Amino acid sequence: MVNIDLWGGVECTINRVGDQYFDQLAQSGHKSRLSDLDLFADLGIKKIRYSVLWESVAPDHPEQQDWSWATERLNKLRALDIDPIVGLLHHGSGPRYTNLLDQDFPQKFAAYARAVAQQFPWVNYYTPVNEPLTTARFSALYGLWYPHAKDDASFLKALLNQIKGTRHAMQAIREINPEAKLVQTDDLGYTQSTPALQYQADFENHRRWLSWDLLCGKVNPQHPLWKYLLAGGIPEAELLDLVKVPCPPEVIGVNYYVTSERYLDEHITDYPLHTHGSNGRHRYADVETVRVGHAQPLGVQNILAQACERYPDSAIAITEAHLCCTREEQMRWLAEVWDSALFLKNQGKNVLAVTAWSLLGAFDWNTLLTEQRGFYEPGVFDVRTGVPEPNAVAKLMKDLSSNAPRHPVLQIDGWWKRTCRTLFPAPPEVPEKWCVADQAALPKTKIEPLLITGATGTLGKAFARICDERGIPYVLLSRQEMDITEEASVEKALQKYGPWAVVNTAGYVRVDQAELEPETCYRENALGPVNLAKHCRARGIQLVTFSSDLVFDGQNKGGYHETDQPNPLNVYGSSKALAEEQVLAAMPKALIIRTSAFFGPWDEHNFVYQALKTIAHKEFFQAADDTYITPTYVPDLVQTTVDLLLDEESGIWHIANSGTYSWAQLAELAATVAGLEPHPWLQPVSQESLDLSALRPANSALATGKRANLPRVEDALLRYLRATEFAFRPSEPLVDTTEDDELLAAHA
């Protein structure tokens, strides 16, 4: 069996919106971290898409060039034996002294390309302009990026300027390095439609090839879009010149995403307003094919096969493979792209490589880089702490290169191939079930499940629900099915189910009752997790178990970090502190999650629900105003914990939403966000006045220096209220509102 190469890529876009430039390298921190390149080398990649962008080197004047950053980085890559595929313009319109509609753009760009080649004559691979077709659409057809044009003529001029710029750039580069090769990237999808819109789909399916067709000299009078180009103001002589002197890429770089394939439908009332548009002849919705129930995407393998057939003289590579999704879905996507490319390679197709994109993740693509909101999509590394940390995708990259066994979750199809993909028409709310204990619809090969304890508890049920959503096979066990305090019971269950990991949500949770039942509390909270740790370690099974903010004494002024010394004030906190110590002694690679004051949409047994329900019914609600915590939204807690398990993290982690509140402040914030008036029903009181059996720390706020940063508490509350559909408003009044009702009736 032949193999393909695994490349890497760093999201490096510098795009312009109005007078503001957005710089991905600055947002990811890579601009100031040379050490990132050593991390990339550890992945085993031999080529990397890397930028020496025009806007960074010569931002103010073409002759005022600063090569210091590029020189240090490219020389480092050379020393690491990694070939850079150097990009010169990445979704940009160039420095301020030019733009995509500038008639002199190609010549100015070629002059910059020559300067790059003079600085780095040893560089052999170039992508002068990344995705010229996509950039022209966003900048000159949709008006999202500079120069913000919105017409066909501007779109075509911007596209042609980039193509001519690429040809001139390669000519200039090859005068210095005749061996230089062109790796030309663009987004490649496919458009389907209803019969009425087939003409529009046909047009878009011709247009998707334009970048490569123009460079390869294929756009002649017989080309399907010849008349369109002429009607858009492109001189015939310029097109014929490209036919006469083509610049065919040595490598066709296909950037393929789940959203690359589109579906057009004139029945716009069936689709959200933001999908509606018009071509002047029809109004229609433009949506992702994968979201339309009766449509079937071609998929990456068929798309690649089309590229191989159209450009037989060029090698084909996937130059971007990325998905903004949960960790296992990112892994499934990369694995599917890799397997598709490898299949075609073994069929004799000239498929060269797959690029893991983006190594450091990406920022604000959810708003198409039109706003800087800090929305981050982790890549192969997570940079949220300021230090890139490898996750499960990094391990998968190494596994792909070595043909090592893959993680069990990769035996399940990604969401884009499951029934949950469908949004149009709206599907019935019947979630897919992946509990291997009661499902026969899974693949016939045995799949190692995730074993979850605590079937009757809030957290155990939440893990089962999230696993259903994420397509992760699991078994949810009650105490009768596995008693974690009994070693024989633990061993029997592990042998029966053969899990890849255990999530322990079982335990004693009654903080005040624990003062009266210390023996029971210690047995369930310490002995049980230690039993799991011993047997999981013996079988090579991952383990996560949960601890509490109550391991601390409250003397800290700020939030507690993972390295702070526990000093519990009550029996419950002591049982959790003992469990932490003994679990890590028995299994150093165990994962321990400390969390605090969690609330979620799937049960009523939490502080936020009780506060909102009471205030909504205009009843008095007491909450401590001198005890501070970091509230935690259960879905965020569970999602992050599953990611950490997949990343094979270990040790103690603090997971809580951002923000420190007293219990009274949390109740007030929740009521305000819900549109309720908290006063006079909310009554702040001292912790002591509540007369609870167990002492509580005055401050148990959790902080972290690790990458498990959850969204703000306000954001979590908004999502909580949407999930519960504001169910806290009373269905009938609990106080006498007769007079108010009469006034309303009179006005009606």
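**View 1. Helix H16 and its buried residues Val490, Ala493, Leu494 and Tyr497.** H16 spans residues 487-497 of a predicted model, in which local features need pLDDT of at least 70, side-chain atom pairs count only at pLDDT 80 or more, and totals for chains, interfaces and linings use all residues. Residues are numbered from 1 along each chain as its sequence is written, and side-chain values use heavy atoms, with hydrogens and water left out. The buried residues of H16 fall within an arc of 95° when seen down the axis, so they line one face of the helix. Ala488, Lys492, Gln495 and Lys496 are exposed on the other side of H16. Buried stands for under 20% relative accessible area, exposed for over 50%, and partly exposed for values in between (1.4 Å probe, protein chains only). The arc is that of the directions from the helix axis to the C-beta atoms. Helices (H or I, at least four residues) and strands (E, at least two) are DSSP runs, numbered from the N terminus.

View 2. Just after H16, Gly498 has a positive phi of about 55°.

**View 3. Salt bridge between Arg73 and Glu72.** In the salt bridge of Arg73 and Glu72, the N to O distance is 2.7 Å. Arg73 is buried at a relative accessible area of 4%, whereas Glu72 is partly exposed at 42%. The structure holds 36 salt bridges, each defined as a side-chain nitrogen of Lys or Arg within 4 Å of a carboxyl oxygen of Asp or Glu.

**View 4. Salt bridge between Asp339 and Arg406.** The closest N and O atoms of Asp339 and Arg406 are 2.7 Å apart. Asp339 belongs to helix H13 (residues 327-346) and Arg406 to the loop between helix H14 (392-402) and E19, so the pair ties together parts that are 67 residues apart in sequence. Asp339 is partly exposed, with 32% relative accessibility, and Arg406 is partly exposed, with a relative accessible area of 34%.

**View 5. Salt bridge between Arg707 and Glu389.** The side chains of Arg707 and Glu389 meet at 3.5 Å, N to O. This pair links distant parts of the chain, 318 residues apart: Arg707 sits in the loop between strand E31 (682-685) and strand E32 (710-712), and Glu389 in strand E18 (residues 389-390). Both Arg707 and Glu389 are buried. Through shared partners, salt bridges join Arg327, Glu389, Asp647, Glu649 and Arg707 into one network.

**View 6. Strand E1 with strands E14 and E4.** Of the 5 residues of E1 (residues 5-9), 4 are buried, so this strand is largely enclosed by the rest of the structure. E1 pairs with E14 (residues 351-356) in the parallel sense over 4 bridges, and Asp5 has Ala353 as its bridge partner in E14. E1 and E4 (residues 47-51) run parallel and are joined by 2 bridges; the bridge partner of Gly9 in E4 is Arg49. Two strands pair if DSSP finds at least two bridges between them.

**View 7. Helix H22, residues 713-724.** The buried residues of H22 are Val713, Ala716, Leu717, Tyr720, Leu721 and Thr724. They cover an arc of only 135° around the axis, which puts them on the same side of H22. The end C-alpha atoms of H22 are 16 Å apart, which agrees with the 16 Å that its 12 residues should span at 1.5 Å a residue; the expected span is 1.5 Å times one less than the number of residues. Glu725 follows H22 and has a positive phi, near 55°.
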